[in-house]
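Here is a structure to read through in questions and answers. Please look at the sequence and the fold before going on.

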Amino acid sequence: DQKTFRYIMQTQREHAEHDKKILLSNVPFLKDLDETDIGRLAEAMVPRRFAVGELLAEKGQSADTFFIIQEGKVRVTDFDAG
């Protein structure tokens, strides 16, 4: 029924927010943020998945995204044409 569906969705949303807060709290340079600021960041977070070899950012391009890698590996390279 609709009430059960809403309850399930709300519970999943709460768990996701809690998990985001834990992730953020474990980022060393964010450790001094208070709970309110961590909560604001968690609310703004949008989970994304990337394929192997997919480019996250490119040197010299402007960006408006901040990445926190929760799982997996990222290779950072800096190639200068000589």
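This is a predicted model: local features need pLDDT of at least 70, side-chain atom pairs count only at pLDDT 80 or more; totals for chains, interfaces and linings use all residues.

Residues are numbered from 1 along each chain as its sequence is written, and side-chain values use heavy atoms, with hydrogens and water left out.

Reader: Are α1 and α2 parallel, perpendicular or oblique to each other?

Author: Helix α1 covers residues 2-25 and helix α2 residues 35-44, and they pack at about 120 degrees with axes 9 Å apart. Helices here are DSSP runs (H or I, at least four residues). Angles under 35 degrees count as roughly parallel, over 145 as roughly antiparallel, 65 to 115 as roughly perpendicular and the rest as oblique. That angle therefore makes α1 and α2 oblique.

Reader: Which residues form the largest nonpolar core?

Author: A nonpolar core joins buried Ala, Val, Leu, Ile, Met, Phe, Trp, Tyr and Cys residues through side-chain atoms within 4.5 Å. Buried means under 20% relative accessible area, exposed over 50%, and partly exposed in between (1.4 Å probe, protein chains only). The largest such core has five residues: Leu 24, Val 27, Leu 30, Ile 38 and Ala 42.

Reader: Is Lys 20 buried or exposed?

Author: Lys 20 lies in helix α1. Beyond its neighbours within four places in sequence, Lys 20 contacts (heavy atoms within 4.5 Å) Ala 42, Met 45 and Pro 47. Its relative accessible area is 13%, so Lys 20 is buried.

Reader: Is Val 46 buried or exposed?

Author: Val 46 sits in the segment after α2. With a relative accessibility of 64%, Val 46 counts as exposed.

Notes:
Axes are lines fitted to C-alpha atoms, for helices over the stretch in contact, and angles run from 0 to 180 degrees between N-to-C directions. Helices (H or I, at least four residues) and strands (E, at least two) are DSSP runs, numbered from the N terminus.
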